[in-house]
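Hi,

Here's the structure I promised to pass on. Have a look first, and my notes on the ligand site follow below.

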Amino acid sequence: MTRPVIPVIAVDGPSGVGKGMATRWLASRTGWHRLDSGALYRILALAATHAAVPLDQADAVAALAGGLDIRFVGETEADEAILVDGQDWTHEIRAEETGNLASKIATASVVRDALMQRQRDFRTAPGLIADGRDMGTIVFPDAVLKVFLDASAEARAERRYRQLSKKGASVKLTDLFAEVRARDERDRKRAVAPLAAAPDAVIIDTTQMGVPEVLTEIEALLKSRQLVD
Ligand code: C5P
């Protein structure tokens, strides 16, 4: 008897588009596990920085991947904790600067290969909600549902600005916009696993949408694929 394949829902899209919100909602709606693949790139970039490994030495950066003990704790953004080798890196991992470092190491295929199996290991019963840039194209091409969330760079920078301001951070909208643009450029134009919608992905442009509308659309997709009752 062949074992049933553990289903994956892939959610890809550029930074700041709301994948975290959508995938957390999907995980609670389905009861499936969640993979935050961006966090793995962020952790590896930080680990390299801590070990004084230059980020452009891709082989040396990739070599660090296997030795890291990574634990994700909590299910909501508020109670999230990311422990690396027993230490709490949550705050550092979520910093804007760490996202930029992550997108630099993510351009190297040796780094992406080093994280591949680690990402696939999250595929455990009853199912997986995978959040990233290449979930539907490279890591889980057999996903039962692929969603590509998109929004203009302006809308994403504004959302991030509101989020950070609410948390009391002092940031400039113009700086955030420039960072979003730079990260987009790197993620979309890199030679390996560039950010792109899979041909069989459902693209949702959220530029003019609020959170409830996005979730209503995703719920309709779940129902149409008979992934929930
Ligand atoms: O999603 P997040 O902003 O945490 O990702 C940080 C960076 O890691 C992205 O800008 C991207 O360059 C890289 N990344 C990637 N592939 C993934 C997830 C993230 O290249 N699946």
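Of the 15 residues around the ligand, the ones that come nearest are R42, R112, R133, D187 and R190; a residue counts as near if one of its heavy atoms lies within 4 Å of the ligand. Bear in mind that this is a predicted model, where local features need pLDDT of at least 70, side-chain atom pairs count only at pLDDT 80 or more, and totals for chains, interfaces and linings use all residues. Residues are numbered from 1 along each chain as its sequence is written, and side-chain values use heavy atoms, with hydrogens and water left out.

On to the polar contacts (pairs of N or O atoms within 3.5 Å). R133 has a polar side-chain atom 2.9 Å from a ligand oxygen, and D134 has one 2.9 Å from a ligand nitrogen. The side chain of R183 also places an N or O atom 2.9 Å from an oxygen of the ligand. The protein covers 96% of the 450 Å² of accessible area that the ligand has on its own (Shrake-Rupley, 1.4 Å probe).

Which elements give two or more residues to the shell? They are α2 (37–50), α5 (96–105) and α9 (173–189), helices being DSSP runs of H or I with at least four residues, numbered from the N terminus. The largest share, 4 residues, comes from α2.

R183 sits in α9 and is buried, at 9% relative accessible area (buried means under 20%). It touches, among others, S15, R42 and R133, leaving aside residues up to four places away in sequence; contact here means heavy atoms within 4.5 Å.

Cheers

How values were computed: A polar contact is a pair of N or O atoms within 3.5 Å; within protein, one must be able to donate a hydrogen and the other to accept it, and residues adjacent in sequence count only if both atoms are side-chain atoms. Buried means under 20% relative accessible area, exposed over 50%, partly exposed in between (1.4 Å probe, protein chains only).
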